Amino acid sequence: MSVALIDGNNFYVSCERVFNPALEGRPVVVLSNNDGCVVARSAEVKALGVKMGTPWFQLKDQARKHGILALSSNYALYADMSSRMMSVLGSYSPQQEIYSIDECFLGFDGFPPAELAAYGQRIRQQVKQWVGLPVCVGIAATKTLAKLANHCAKKNLAGREGVCDFGRMSVPQMDALLDRIGIGEVWGVGRRLTEKLTRRGITTVKQLRDADTKTLRREFSVVLERTVLELRGIACVELEEAAPNKQQIICSRSFGRYVYSLDELNEAVAGYLARAAEKLRYQGSLAGALQVYVRTNPFNPDHPQYQRGLTLPLPQATSDSVVLTRAALWALKRLYKPGYAYQKAGVMLLDLSDAATPQGCLFTGHRDNTTLMQVMDRVNRQWGRGTLKLAAEGVQQGWRMRRQRMSPAYTTNWNELARVR
């Protein structure tokens, strides 16, 4: 068995550079919602020692000194570029698992092992040529090893030109390589687990691979045991070609400014609910309950604090935005207290079930808006999100999050297409 992990390099920044070549070679960061913290860094910014999650206001002096450019998150652009990249990658294998917006696994069962490194180079070249995005390829016998091989490809620890194939390395070469890599680079080994393993004297990947699995299972978990087996080349995590449906769907945002009135909170919650319901219908599910929550800014001691949520069971599971919005606003009305500066609100759809086998209710019923929802989703997919929406979402939406540094939606908005002069 052979598995490849393909990962976009500095994905958000690379997406921005595709349509703005002037950003090449310059230090660039992409900021989180409301232009708060760094969520993506170019290689030039990483070289300056800037950490992920650093608040932008703390970087302004450093930005002036080194010419760091900051951009707002352009989620529509990143999602579309991801879709294009995954489409190209899917043509290289009948087995594809899309793991995240910038990562996917490909199964290479039956492919000639001696040709996999060259195959990885072809993948890199075609993605770069067709989509404009740089990627690295890690190839190994298991998914955990493929993730580690991808790390080696990015750091130039083994292989060449962005491709690392563990299958071409001898046992002594693998031992020497794994003895140089810290356990924190292993898929699924987070900071807390790293600290616990370090106290036991396990600090390198080689030491973790060679540790006694029964002891690790007894003292930690069966998950860590499987990780060790995967590091030994024994596949314990299969490729998931069809991503499982989400068990919960959450949509929440911080506001661009403080919100005080119930009317504006209604607009925000209705908008978040519309997005969550769209995701719900996309995966073919119904929600049997929903939760609404609001909160003030816990980091502002000058304002009185308030945080509360309310979970509401629904009489009948549904994906109807009209029904869900009515229930969410009913819950919000009971949560709202005047006099507070609200900073964030959110909705969560719970108790999800398959829309193909709905559970009916003898005592309640509502108008069937299935056709209306299908039309709304189709129009919004073709003409852009928000083309059709419920009146409860409002028009002006002055509470929306700040994205003052956002690039155009080059691939999803006709009015923002790149122009060649």
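This is a predicted model: local features need pLDDT of at least 70, side-chain atom pairs count only at pLDDT 80 or more; totals for chains, interfaces and linings use all residues.

Student: What is the volume of the second largest pocket?

Tutor: On a 1 Å grid over the protein atoms alone, a pocket is an open set of points where a 1.4 Å probe fits, with protein on both sides within 12 Å along at least five of seven lines. Points are joined across faces, edges and corners, and the volume is the space filled by probe spheres set on them. For the second largest pocket this comes to about 950 Å³.

Student: Which residues lining that pocket are the closest to its centre?

Tutor: Lining residues have an atom within 4 Å of a point. The second largest pocket has 31 of them, and the closest to the centre are Asp7, Gly8, Asn10, Lys46 and Lys154.

Student: Which element supplies the largest share of the lining of the second largest pocket?

Tutor: Elements here are DSSP runs numbered from the N terminus: helices (H or I, at least four residues) and strands (E, at least two). Strand S1 (3–8), helix H1 (11–19), strand S3 (38–41), helix H2 (43–47) and helix H6 (143–155) each supply at least two lining residues. The largest share, 6 residues, comes from H6.

Student: How many residues of that lining are charged?

Tutor: Asp, Glu, Lys and Arg count as charged; Ala, Val, Leu, Ile, Met, Phe, Trp, Tyr, Cys and Pro as nonpolar; and the others, Gly among them, as polar. The lining of the second largest pocket has 12 nonpolar and 8 polar residues, and the charged ones number 11.

Student: Which residue forms a salt bridge with Arg17, and is Arg17 buried or exposed?

Tutor: A salt bridge is a side-chain nitrogen of Lys or Arg within 4 Å of a carboxyl oxygen of Asp or Glu, and the whole structure has 15. The side chain of Arg17 meets that of Glu44 at 3.0 Å, N to O; Arg17 lies in helix H1 and Glu44 in helix H2, so the pair ties together parts 27 residues apart in sequence. Buried means under 20% relative accessible area, exposed over 50%, and partly exposed in between (1.4 Å probe, protein chains only).

Student: How far apart in helix H8 are Arg191 and Glu195?

Tutor: Arg191 and Glu195 form a salt bridge, with the closest N and O atoms 3.2 Å apart. Arg191 is exposed at 60%, and Glu195 is partly exposed at 39%. Both lie in helix H8 (residues 191–199), separated by about one helical turn, being 4 residues apart.

Student: How many disulfides does the structure hold?

Tutor: A disulfide is a pair of cysteine sulfur atoms within 2.5 Å. The sulfur of Cys15 is 14 Å from the closest cysteine sulfur, in Cys104, which is too far for a bond. The sulfur of Cys104 is 13 Å from its closest, in Cys136, again too far. The number of disulfides is 0.

Notes. Residues are numbered from 1 along each chain as its sequence is written. Side-chain values use heavy atoms; hydrogens and water are left out.
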